[in-house]
Amino acid sequence: MEKLHVRCFVAALCLGVVAPAGKYSREVNEAKLASGGGDAVEFRIAKLNQVWEKAVRMKLPPVRQAELHSDLKIQEKDELQWKKLKVEGLDENGEKEAQLRRNFNVILAKYSMDGKRDARSLESNSLKDHETKEGDTFEDPRLDKLWTKAKNSGKFSDEELYSLKREFQHHKEKIHEYNIVMDTVSRTEEVHKNVIAPLEGEAKEHMLHRKHTELKQKMRDLNQGFERLRRLSHEGFSEDSEFREPRVIELWEAAKRNNLTDDELDSLKEELRHFETKVEKHSHYQEQLELSHQKLLHMESLGDKEHIQRNKDKYNTIAEKTREMGYKMKKHMQDLNNKISQQGLNHNEL
């Protein structure tokens, strides 16, 4: 029965049968408030609200829930921008719409809400990065072999080993994301071909080519990331390492590969430093959120109503702040990715 419910849920979302004529959930919210019933909804787009409500019912771990909220906010921003483009007739071939549909399906798969048993299991709670259990693996023989060699080499201090492990963990997550995107593209390609009708010939071929080009780029990024880990594992960290956060390092490496001028790199380096501070602050709030959740569970087990409410209020405040910071961080990362790729494109055209 549960499997049937999940399948129906996913089918309804993918078909967009979630609100009359695709109304913004802001209108749904206003209707609720006007009638004096229901709580304020979380998102302006109904299908995103359904995903969020489903996640709350599933009781995702706090950090995962906050990550999902940030991803849905990014999806909401992109979809609202697309609605404006569509009104202005700027997405005639439906390419942007197809991209949004795929991004949405990736979110469903990433948080195991697509009705499919996920064979690509990954514990992505960032707090796991802080544990250094001997039995830890990265679900990839090449990564496991490199990690074991680096860990036993004696080249790294405890702090450097911790930083290196975070880079390995980040690479593992990138592999997981690639597998999700590849799987989602292959499973939804036929649907896209039909939904994006009446496109024919060159327009449809261009769309399919673009999807596979994006996958090839992601694979190149993975290979370059692995090469960096291989180099680090053998040579260690250099004293002039620019950044500590794996996501920031990845952006910096991409910028250097894109043949930017020295002035552009200097400007970007400064922006990446600010971004790294934002990433570190977000990670700190994620840790606080998990600790606050554990404390709340403890208070609930004791049954002290006064302390339960006090800890619940604190937990909700931290959760809201974590979601807000997560959205801002992901939006900033999206902007940086666009800036780096666009600047690289401009240089290649010169």
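Me: Which residues does Ser-70 touch, not counting those up to four places away in sequence?
Reply: This is a predicted model, and in it Ser-70 lies in helix 4, which covers residues 62-87. Leaving out residues up to four places away in sequence, the contacts of Ser-70 are Arg-323, Gly-326, Tyr-327 and Lys-330.

Me: Is Ser-70 buried or exposed?
Reply: Buried means under 20% relative accessible area. Ser-70 has a value of 0%, so Ser-70 is buried.

Me: Which backbone atom does the side chain of Ser-70 reach, and at what distance?
Reply: Tyr-327 is among the residues that Ser-70 touches. The Ser-70 side chain gets to the backbone nitrogen of Tyr-327, at 3.2 Å.

Me: What kind of aromatic pair do Phe-138 and Trp-147 form?
Reply: Searching the whole structure turns up six aromatic pairs. For Phe-138 and Trp-147, the centres are 5.9 Å apart and the planes make an angle of 80°. Planes over 60 degrees apart count as edge-to-face, so the Phe-138 and Trp-147 pair is edge-to-face.

Me: Are Phe-138 and Trp-147 buried or exposed?
Reply: The cut-off for buried is under 20% relative accessible area. Phe-138 comes in at 2% and Trp-147 at 6%, so both count as buried.

Me: Which residue forms one aromatic cluster with Phe-138 and Trp-147?
Reply: Phe-138 and Trp-147 already make an aromatic pair. The cluster holding these two also takes in Phe-168.

Me: Which ring does the charged end of Arg-142 sit over?
Reply: Lys-47 has its charged end over the ring of Phe-104, 4.4 Å from the centre. For Arg-142, the charged end is 3.8 Å from the centre of the ring, and that ring belongs to Phe-226.

Note on methods:
Residues are numbered from 1 along each chain as its sequence is written. This is a predicted model: local features need pLDDT of at least 70, side-chain atom pairs count only at pLDDT 80 or more; totals for chains, interfaces and linings use all residues. Side-chain values use heavy atoms; hydrogens and water are left out. Rings of Phe, Tyr and Trp (its six-membered ring) pair if their centres lie within 6.5 Å; planes under 30 degrees apart count as stacked, over 60 as edge-to-face and the rest as tilted. Buried means under 20% relative accessible area, exposed over 50%, partly exposed in between (1.4 Å probe, protein chains only). A charge sits over a ring if NZ of Lys or CZ of Arg is within 6 Å of the ring centre and within 35 degrees of the ring normal. Helices (H or I, at least four residues) and strands (E, at least two) are DSSP runs, numbered from the N terminus. A polar contact is a pair of N or O atoms within 3.5 Å; within protein, one must be able to donate a hydrogen and the other to accept it, and residues adjacent in sequence count only if both atoms are side-chain atoms. Contact means heavy atoms within 4.5 Å.
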